Amino acid sequence: MRQIVFDDIARAVEELCIACAHELPADVMDAFIRAEKAERNPRAKKTLGQLIENANIAAKELIPMCQDTGLAIVFVEQGGELMMTPDARGTIADAINAGVAAGYEKGYLRKSVVAEPLNERKNTGANTPAIIHYSIVPGDRLRMTLMAKGGGSENRSQFKMFKPTATAKEIGDWVCDVVKNAGADACPPFVVGVGLGGNFEVSCLLAKKALLRKLGSSNPDPFYAAMEKEIFERVNKFDIGPQGMGGDTTALGLCDRDGWVPHSKPPRRRQYRMSRP
């Protein structure tokens with residue numbers, strides 16, 4: 001049984017938090033560049049150019065890309081042949097939260113988490129607790145993917161329980177309505193995540209997992225790939241545009257997940273994904 005220590009987990013999460021606030025993944029940056037080149041609306045084209053410039057400055061000077069540095073959502077894939085060395089400080093979850101606290105402190109990132117939602121709403125001062133999703137996979141590796149989910153996009157997320165007889169058109173119409181109603185409040189251009197299947201909580205988790213898919217990729221099932229393409233094209237005809245000021249680029253991508261499929265062979269490298277508010 002391979003073992004991993006508390007401090008290594010915490011350090012990795014700390015690095016992910018800082019990187020997530022300052023570095024756009026290559027596929028996201030590429031999507032911005034393609035959108036800026038294709039954009040026909042002059043104001044939208046300029047806005048996209050400013051967003052690209054902002055991302056470059058953030059990476060170079062270690063200034064967060066956005067003032068909303070997000071709620072830390074961590075997807076953990078733990079190999080069945082891996083365990084954390086027993087530690088008085090706690091479990092893997094405690095190590096992750098220690099890493100989030102350190103990352104948001106050392107990275108000078110805004111801490112937005114409150115201990116409870118309705119009464120005093122006292123800030124925890126560490127952007128913890130993180131939202132952690134676990135899955136057990138074959139092997140002896142630990143893979144952690146961190147998403148810094150901004151409040152604007154999270155607060156515009158929606159769920160709907162369809163009847164079993166619902167058609168692809170009904171679902172597509174609903175997704176488009178959600179995007180249209182979100183408008184500028186969710187800080188476009190969006191990456192739209194859609195989860196289909198399972199029950200109440202699984203479908204929402206699938207939608208979140210969909211945001212981790214590489215932009216430009218398609219669902220391996222031709223039926224869902226065609227559905228993604230159609231909805232994506234419809235969304236970009238709404239003329240919401242970057243920052244809600246009009247244009248062709250309301251969304252950079254639309255990804256769906258229609259099943260919970262963990263990675264069978266977790267790679268050695270750590271991953272991060274920034275989800276802009």
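This is a predicted model: local features need pLDDT of at least 70, side-chain atom pairs count only at pLDDT 80 or more; totals for chains, interfaces and linings use all residues.
**View 1. Helix α8 and its two sides.** Ala-225, Met-227, Glu-228, Ile-231 and Val-235 are the buried residues shown in α8. They lie on the same side of α8, because the arc they cover around the axis is only 160 degrees. Pro-222 and Lys-229, on the other side of the helix, are exposed. The packing partners of the buried residues of α8 are α6 (168-182) and β7 (251-257).

**View 2. Helix α6 and its packing partners.** Helix α6 contains 15 residues, and the distance from its first C-alpha to its last is 21 Å, close to the 21 Å expected at 1.5 Å a residue. Its buried residues are Ile-171, Gly-172, Val-175, Cys-176, Val-178, Val-179 and Ala-182. Since these cover an arc of only 155 degrees around the axis, they are placed on the same side of α6. The exposed residues Lys-169, Lys-180 and Asn-181 are carried on the face turned away from that buried side. Packing of the buried residues of α6 is against β6 (190-195), α8 and β7. After α6 comes Gly-183, which has a positive phi near 50 degrees.

View 3. Glu-233 and Lys-229 form a salt bridge in which the closest N and O atoms are 2.6 Å apart. Both residues belong to helix α8 and are 4 residues apart, about one turn of the helix. Glu-233 is partly exposed at 39% relative accessibility, whereas Lys-229 is exposed, with a relative accessible area of 52%.

View 4. Side chains of opposite charge can pair when their charged atoms come close. Asp-8 and Arg-11 meet in a salt bridge of 2.9 Å, N to O. The two residues are 3 residues apart in helix α1 (residues 6-22), about one turn of the helix. Asp-8 is partly exposed, its relative accessible area being 39%; Arg-11 is also partly exposed, at 43%.

**View 5. A salt bridge between two loops.** The closest N and O atoms of Arg-40 and Asp-248 are 3.0 Å apart in a salt bridge. Arg-40 is in the loop between α2 (26-38) and α3 (42-61), and Asp-248 is in the loop between α8 and β7, so the pair ties together parts that are 208 residues apart in sequence. Arg-40 is exposed, with 69% relative accessible area, while Asp-248 is partly exposed at 23%. In the whole structure, 17 salt bridges are found.

**View 6. Two residues of the loop between α4 and β4.** Thr-128 lies in the loop between α4 (92-106) and β4 (131-137). Thr-128 counts as buried, because its relative accessibility is 15%, under the 20% limit. Apart from residues up to four places away in sequence, Thr-128 touches Asn-97, Val-100, Ala-101 and Val-113. Glu-120 is also located in the loop between α4 and β4, but Glu-120 is exposed, with a relative accessible area of 65%. A distance of 34 Å separates the C-alpha atoms of Glu-120 and Ser-135, which are 15 residues apart along the chain.

**View 7. A nonpolar patch on the surface.** The patch is formed by Phe-159, Met-161 and Phe-200, which together have about 320 Å² of accessible area. Phe-200 is part of helix α7 (residues 200-210) and is partly exposed, with a relative accessible area of 48%.

How values were computed: Residues are numbered from 1 along each chain as its sequence is written. Side-chain values use heavy atoms; hydrogens and water are left out. Patches are made of residues with over 30% relative accessible area and no salt bridge: like charges are joined within 9 Å, nonpolar side chains (Val, Leu, Ile, Met, Phe, Trp, Tyr) within 5 Å. Accessible areas come from the Shrake-Rupley method with a 1.4 Å probe; for residues, only the protein chains shown count as cover. A salt bridge is a side-chain nitrogen of Lys or Arg within 4 Å of a carboxyl oxygen of Asp or Glu. Buried means under 20% relative accessible area, exposed over 50%, partly exposed in between (1.4 Å probe, protein chains only). Contact means heavy atoms within 4.5 Å. The arc is that of the directions from the helix axis to the C-beta atoms. The expected span of a helix is 1.5 Å times one less than its number of residues.
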